[in-house]
Amino acid sequence: MNPRPSPGRSFWMQTAEMPAFAPLSTPTEADAAVIGAGIAGLSVAWELARTGLSVVVLEADRLAAGVTGHTTGKLTALHPGVYDTLRSRHGEDAARRYATSQSAALRHVFEVVRDLGIDCDLERRPAVTYCERPDGVEALRAEAEAARAAGLDASFVTETGLPYPVAGAVTLGDQAQFHPLGYLRGLVEDLVARGGRLYEHTRVTGLDGGDPCRVTTSSGTTVTARHVVIATHHPVFDHALLATRLTQRRDLVIAGPLPASQDPDGMYITREDATRSVRTAPLADGGRLLIVGGEAFTPGTGQDTAERYARLQAWTERYFPGVPITHRWAAQDNSSTDTLPLIGRWGSDGDHVYVATGFAGWGMTGGVLAGQLIASLATRDEDPWSGLYDPRRFGPALRSAPEFLKAQWDVGKHFVMDRLKAMGDGTGGPVGALRPGEATVVRADGGPCAVHRDDQGELHAVSAVCTHLGCLVAFNNAERTWECPCHGSRFGIDGEVLQGPALDPLERRDPKDL
């Protein structure tokens with residue numbers, strides 16, 4: 001097998017450097033404050049700015065360095081299994097509105113790229129959902145029929161551009177793929193030209209949803225705004241208990257150069273075998289970059305992530321022999337228990353706080369759609385999709401009670417069982433046996449403790465209790481991170497917050513006390 005590069009910055013982040021901005025250092029005011037600078041947050045900010053509102057964007061890290069910077073960059077209205085599910089769970093009208101809104105977001109990207117002259121490798125490609133096993137064919141036939149009923153020109157086929165046979169597939173032409181950071185770099189440039197103010201390394205830790213709203217950062221600096229948008233992937237504030245309606249999934253991605261003659265010419269995905277996703281991107285030398293995603297798992301569940309990367313690479317070498325793996329990264333997505341994203345007024349903190357989350361892995365169109373929808377609500381009090389994505393919806397959530405209850409069961413199970421599994425008594429048991437690169441959770445006088453031995457042999461110890469809602473973290477051995485299985489927060493080996501909803505770091509512990 002080819003040498004495995006360490007997980008890190010994605011191809012997108014390496015090839016389209018985003019502009020840098022200073023942290024917020026003095027109190028400020030604006031018509032709108034957007035928390036989070038991924039595709040959802042930046043799309044909302046840009047849409048609001050072009051209506052004439054003054055906008056401030058607050059990002060805890062770097063622009064587009066979170067989920068958006070680690071996507072596979074597909075733009076499509078064809079999302080695996082969604083239309084048959086929507087039709088059966090929410091009705092045909094809901095499925096039609098979903099198809100129409102997602103297709104409108106795709107068209108909007110082309111309009112923005114044209115109007116702003118953005119260079120982002122935007123390419124038309126068919127989207128294909130497939131199965132290799134015969135037992136998946138019936139479901140794909142039903143999905144193709146449901147997608148057509150929703151207004152999409154989808155069809156069921158048995159042949160694709162993949163270099164291996166499939167049992168069946170749903171295909172939808174005239175979809176697209178792009179360089180997501182190339183697109184957002186152009187959007188940011190225009191946002192700044194319209195007076196938008198962006199601040200990086202500015203973590204928001206407090207929200208008062210009054211009129212006006214007020215947000216507070218970790219440095220104590222405040223922003224006062226009439227409108228506040230929470231676009232932080234998983235909402236960092238959750239007075240509306242949206243966490244109970246969201247589940248987490250992490251996918252691994254590998255990539256390497258492929259001769260243009262071997263390009264499968266499409267965007268492919270199957271939910272078989274813990275998901276396999278395939279697309280390519282153009283390279284400067286005229287070749288293509290093969291991008292393969294998959295091995296989906298719930299973060300923080302103690303998965304052997306390194307082994308999952310190995311399986312994904314073995315699969316790639318089997319079907320695309322000779323491709324050297326030059327990039328590895330990972331992406332995290334959340335899904336709502338009733339299938340539909342949560343976009344709109346939050347509900348618990350007044351009419352001027354909005355949220356965008358639950359894109360189920362389809363945040364490129366979902367984030368663009370969120371920009372259009374929230375801007376319409378904030379400036380015209382109009383919902384173009386008649387409440388389809390309203391976070392306050394009750395009926396659809398009620399009809400998805402089994403999924404909701406399962407999500408709560410999984411959270412409760414981890415909260416209790418993971419504590420029972422924490423082993424060791426602090427006397428050199430599992431901690432003393434740790435080899436470089438390994439980690440464990442042990443019992444200590446201060447409570448469960450997460451311990452990692454780095455490659456130089458030094459021990460790093462932090463509290464194993466997630467600062468969000470108190471579940472125990474587990475180690476990701478490929479990315480060298482601590483992850484929470486309940487709501488997906490991620491931390492570095494010294495406890496720093498890498499991904500919310502947690503706002504505070506894990507408490508540092510002294511390894512000598514173990």
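1. In this predicted model, strands β12 and β13 form a hairpin with five residues between them, and Asp273, which sits in the turn, has a positive phi of about 55°. The two strands, β12 covering residues 267-270, run antiparallel and are joined by three bridges, and within this pairing Ile269 stands opposite Ser277 of β13.

2. Strand β13 (residues 276-282) also pairs with strand β14 (residues 288-297), again in an antiparallel manner, through seven bridges. Here Thr280 has Leu290 of β14 as its bridge partner, and in the hairpin that β13 and β14 make, with five residues between the strands, Gly286 takes a positive phi near 95°.

3. Turning to the helices, the axes of α2 (residues 39-49) and α6 (residues 180-193) come within 10 Å and cross at roughly 35°, in a crossing that is left-handed. Helix α2 contributes Ile39, Leu42, Ser43, Ala45, Trp46 and Ala49 to the contact, while α6 contributes Leu184, Leu187, Val188, Asp190 and Leu191; these residues divide into nine nonpolar, one polar and one charged.

4. The largest nonpolar core has 87 residues, of which Val57, Tyr83, Tyr183, Ile343 and Tyr389 touch the most other members. Helix α4 (residues 92-116) supplies the largest share of this core, with ten residues. Apart from this core lies another, of 24 residues, including Cys213, Val228, Ile230 and Leu242.

5. Val57 deserves a separate look: leaving aside neighbours within four places in sequence, its contacts include Leu42 and Ala45, as well as Leu191, Arg197, Leu198 and Tyr199.

Definitions and conventions:
Residues numbered from 1 in each chain as written. Predicted model: local features only at pLDDT ≥ 70, side-chain atom pairs only at ≥ 80, totals over all residues. Heavy atoms only, no water. Axes fitted to C-alpha atoms, helices over the stretch in contact; angles between N-to-C directions. Helix = DSSP H or I, 4+ residues; strand = E, 2+ residues; numbered from the N terminus. Left-handed = near helix turned anticlockwise from the far one by under 90°. Contact = heavy atoms within 4.5 Å. Nonpolar A, V, L, I, M, F, W, Y, C, P; charged D, E, K, R; others polar. Core = buried A, V, L, I, M, F, W, Y, C linked by side-chain atoms within 4.5 Å. Buried < 20%, exposed > 50% of the residue type's maximum accessible area, 1.4 Å probe, protein only. Pairing = 2+ DSSP bridges.
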